[in-house]
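Visitor: I'd like a close look at one part of this model, the charged side chains and how they pair up. Could you bring it up and walk me through it?

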Amino acid sequence: MKEKMMNAMLSFASKLQTQRHMSAIKNAFTALLPIVITGSFCTLFLNVLCSTTTDGVSLAKVPGFSWLENLSPIFNAANYATMNFMAIGIVILIALELGKHYGRTEFTVPVIAVACYVSLCDTFTLSTVDGAVHTIADVLPRDFTNAQGLFLGMIVAIVSVELYCKLFDSGKLEIRMPDSVPPTVAKAFNALFPALITIFLVSAAGFLFHAITGMTLFNAVSMFIQKPLQNILTGLPGYIVMFFMTTLLWVFGIHGTQVLGPIYQPMMYAAMAENLDAAIAGTPAPHILNIGFVSSFSIITGAGITGGLIIAILLFSKRDDYKTIAKIGIPCAVFNINEPLLFGLPIVLNPLLMIPFMLSPAVSAAFAYFMTDIGFAKVMTIYSPWTTPPGLMAFLNTEGHIGTAIVQLLCIGLAFLIYTPFVLMANKQQPAE
Amino acid sequence: MKKSKKSQKTDASSGYSKEIEAKRVRINSYRDVNQPRPFLKGKMMTYIFLVLFPPYALYRIWYRDFGFIRTEKTILTMVSILYIVYFIKLLVN
């Protein structure tokens, strides 16, 4: 029974890992990661170096450093170019990645995907001047280009590339050019009809949807898919279930974070982007659970918070094999890497250590959530790289909040308490051959 | 009879174990050739120049071999151009 379940789970993980859409989403978010981090750090510098208007600590408020305010356009522009164009960025990246799977590497593919996406966006925005509402035409509102458009962007990118590639590969829409025409020109003409039809079909679908339901596709996706999913994953129960699944995959020896990443990452990035927007606007950040929270409290010192296990082993283990591996694991744990422990002790397929391994991230997340809710820790608005050492990571992610850094270290302490009884039990076991 | 049933069960179990092990090895050895590696040393310096001096970042992206794949080149170029345009707009205003 146990083996049947394990087999089924491995089959599911294998399918998820090699599934082309999931793979495209995963690679797109990996490519987007440095841009999100750059944007986050620009917001951090903007607030702690250049801002004279925000409530928090800023160097520009110190007498003699007010000139720093002049540097704010640099960070403002960087923030605009990175965070405000997340949806467009993801459309381009997914189209490029999915195009590769079909052998379509030309730039026509992302251009078509962006055109399809824009065809579903409003091209006007409402502005209130002196109490009167004015319509500004021929603009692309930022709601469609920033993280709010992520989900529709992902769907449109996938649908448009699938459609375009199917039409192109059918060969029925090919335009036969004379031999004298250069191959590059002929290739461009071959893409003409598939591109036209793809854009037309997506645009028509958006129009029909609006005509029938009175609601734009953007609003429908946002209301019926993105928000409910976001509410599940950025709510504590959904979040804990998701990370329970991640660690469950890890105990079967599968990189759970990579396999399930494409499912939770879009929501977590969107939550982080909304928090960033709120931080810039000077309003409270709405999402406690976001991508910064994931790396700060759920995978700190590695999946399963194995930093706690290292401390427990060094203090209480009588097994030389455990102690040797724990010592090797220390430098890696500082940078949140735990493969030496996962495969060295091992934790993978270890019935004893898998229990605290799955329990620790859930307890840590619940504890950090509670501490943030009561105000001891701060909601994260910055996303630093996942390899940033514990303590420093939470400090940076919250624009320098000491309480959050303490909570992060306390989470490792909690993990230590959870792992200790199991390390004591392991003392009674014989070392593996 | 009892013995043969037990041996059949063991055989099935060992067959499952082998299948599971094979799947596990296959999943972990799976390398996505398209997966970008964004945190190489040369690349990280480029991200800093993206904010400090985008033209040099563009030079690093397109003319120096820091391992940027096509997807990364495209998105970073888009960000650089947006950054330059918005920065000029901020300065002019």
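Visitor: Which residue does Glu106(A) form a salt bridge with, and how far apart are the closest N and O atoms?

Guide: Keep in mind that this is a predicted model. The partner is Arg104(A), and the closest N and O atoms of the two side chains sit 3.0 Å apart. Now for the surroundings. Glu106(A) has a relative accessible area of 16%, so it counts as buried, the cut-off being under 20%. Arg104(A) comes in at 13% relative accessibility, so Arg104(A) is buried too.

Arg104(A) has another salt bridge, this one with Asp169(A), where the closest N and O atoms are 3.4 Å apart. That pair joins distant parts of the chain: Asp169(A) belongs to helix α7 (residues 150–170) of chain A, while Arg104(A) is in the loop between α4 (86–101) and α5 (108–119) of chain A, 65 residues away. Asp169(A) has 48% relative accessibility, which means it is partly exposed, since that class runs between 20% and 50%. As background, side chains of opposite charge can pair when their charged atoms come close.

Elsewhere in chain A there's a network of salt bridges, linking Arg20(A), Glu162(A) and Lys166(A).

Over in chain B, Glu72(B) forms a salt bridge with Lys43(B), with 2.9 Å between the closest N and O atoms. Glu72(B) is in helix α4 (residues 70–92) of chain B and Lys43(B) in helix α2 (residues 41–52) of chain B, so this pair ties together parts 29 residues apart in sequence. Both Glu72(B) and Lys43(B) are buried.

As for chain A as a whole, you'll find 18 helices and two strands, and 54% of its 433 residues are buried. The C-alpha atoms fill a box of roughly 80 × 65 × 45 Å along the principal axes. The chain exposes about 18,600 Å², with carbon and sulfur atoms supplying 69% of it.

Key
Residues numbered from 1 in each chain as written. Chains lettered and ligands numbered in written order. Predicted model: local features only at pLDDT ≥ 70, side-chain atom pairs only at ≥ 80, totals over all residues. Heavy atoms only, no water. Helix = DSSP H or I, 4+ residues; strand = E, 2+ residues; numbered from the N terminus. Buried < 20%, exposed > 50% of the residue type's maximum accessible area, 1.4 Å probe, protein only. Areas by Shrake-Rupley, 256 points an atom, 1.4 Å probe, with all protein chains shown as cover. Salt bridge = Lys/Arg side-chain N within 4 Å of Asp/Glu carboxyl O.
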